[in-house]
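Trainee: I have the model open. Take me through the labels and what backs each one.
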Amino acid sequence: MLCVAAVARADDSFDVLHWWTSSSERRAVDELAERAADDGVAWRNAAIAGGAGIGAMKVLKARVLAGRAPDAAQLIGPAITEWADLGLLLELDDVAAAGNWNTRLFPTIWTLVRLRGHVVAAPLGIHRINVLFYNRKVFADAGLTPPKTWAEFDRVAAALAKRGVTPLAQSGQPWQVATLFETLALSEGGPGFYRSLYGRRNANLWFDARITRALERLRALRRYAPPGEPAWDAQVKTLARGDAAMFIMGDWAKGELQAMGRSAETDFGCIAVPGTENMHLYSVDSFVMFAGDYSAQPVQEKLARLMMSPAVQGAYNRIKGSVPVRRDADTAGMDACARASWRTFAHGAGVQAPSMVHRMATDETLKDAIIAQLHRYYTDEHMPVSEAQRRIAGLVRTLAVQGGDDK
C-alpha cells in the first residue's frame, strides 16, 4: 500500500483539486464553494487547466507521491477504483447510509462509487456527451431544421456551407476528436456494442463494420469543420456568435452557453447526435476524499453530505450543464436539454454507454493510447481506415495481455 504523509495545515482551508477552469465551470465551482462556506467549510481551489483533466491527473499523482495529497479531488470512473485499491481514499459508508444513497442514486451511479462494498466517492452530476447543439437563429435564417439522421446532417451542412457558415464547430484537439468518434461509434453500434468495445477488450471488435463506418464518418465530418485545434470553450463561442451552426460536444457546452447569457429556449437548441436518440453516452462528475491521517475526516464527510443534498445537486447541475445523480431529482426546474438527458439516463443500463474519452469506460493507459491513434488518423488524410483499425486493435490486444485480460 502506498503511504501518504499527513500535511501540516497552515490554516483551516480545505484543499480541493479539480480541472474546472472554463467560465461556466468556475461558476459551478464557486456555487459549491459558497454552499460549503455556508456549512463552515473553507473550500480552497486547486484548479488545473487542461481539457478532459489530463493535466490534473498528472498533478494529482505528483502531489500524492510527494506526500501532499489534497483533501478532495475530482475523479471519474475507473480512476476511482484505481486510487481506492491503493488504500488512499476515505470510506464514506456512514454518510451514504445516513443519506440512503443506495436508494437515492441511480443504480449505475451507486455501482460507480462503491468498491468491495464500501462507498469511496461522492457523485455530483451526470453529463450527456452525445449532444448536438445548434444555433437557432442560423437555422431559422436558413430555413433548416436540426438533423436527426446523418443523411439529413449532410444536406444541412452543405446548405450552411453555401451560406458561408461553418457547419460544425469541431476542433482537432486529440480529446475532442476522440469525443466525436465515440459518439459516432455509439450511433453506428448502439449501447451494447459500445460497451463491449471497451468492457470486453476484444481487439477483433475494432475491425467490425460499425467501427469502419464510424471512422469513415469521422473523416467525412472534418470537411465541415474549421482547421486547427482551438479549445472547446472557444468553439462554444463560435456557435454562440453564429459563425458555426452546430457543435457535437458534452452538455458542459450548455453550461458555457448559459454563462454567456444564451438561453436554451431562444438562442440554442440541443438534440441527440444522429442515430443516438434514446441513448446516453455519459460521464459522471464525482469527488473522492483522501484519508491521510484522518484529521480532515469530519469536514470531508460534511462536504460529501453537502454534495448529495437536493439543493446543491439542483444548483450545481443547472450551472454546469449536467443533471443530478439522484433518482428523485425535481425535473420541473430543468430545461428541455436537461430533462431529455435525465429521463434518458433513467431508463437504465440498456440505453447507457460510459464515455471512453471522459474516463468512464477504461483505464488511463488504454484511453490515452486510443485517443492518440484516433487523432493521428484524423490528421493524416492518407492513413487508410483499415490501418487505423489495425493500430487500435493492436493496442487493445497488447494492453489486454499486459493486464492479464487477454480475450
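Trainee: What pLDDT does the chain average?

Mentor: The chain averages 93, where pLDDT is the predictor's confidence in each residue, from 0 to 100. 95% of the residues score at least 70. Over residues 1–10, though, the pLDDT is below 50. Where pLDDT is low, the predicted coordinates should not be read in detail.

Trainee: What are the ground rules?

Mentor: This is a predicted model: local features need pLDDT of at least 70, side-chain atom pairs count only at pLDDT 80 or more, and totals for chains, interfaces and linings use all residues. Residues are numbered from 1 along each chain as its sequence is written, and side-chain values use heavy atoms, leaving out hydrogens and water.

Trainee: Why is strand E1 (residues 13–18) called largely enclosed?

Mentor: Buried means under 20% relative accessible area, exposed over 50%, partly exposed in between (1.4 Å probe, protein chains only). In E1, 6 of the 6 residues are buried, so the rest of the structure largely encloses this strand. Ser13, Asp15 and Leu17 cover one side, Phe14, Val16 and His18 the other.

Trainee: What makes E1 and strand E2 (residues 42–47) a pair?

Mentor: Pairing takes at least two bridges found by DSSP. E1 and E2 have 6 and run parallel. Val16 has Asn45 as its bridge partner.

Trainee: How many bridges join E1 to strand E3 (residues 72–74)?

Mentor: 2, again parallel. Leu17 partners Ala73 there.

Trainee: Which residues touch the most other members of the largest nonpolar core?

Mentor: Among them are Phe153, Trp206 and Met246, in a core of 74 residues. Such a core is a set of buried Ala, Val, Leu, Ile, Met, Phe, Trp, Tyr and Cys residues joined through side-chain atoms within 4.5 Å.

Note on methods:
Contact = heavy atoms within 4.5 Å. Helix = DSSP H or I, 4+ residues; strand = E, 2+ residues; numbered from the N terminus.
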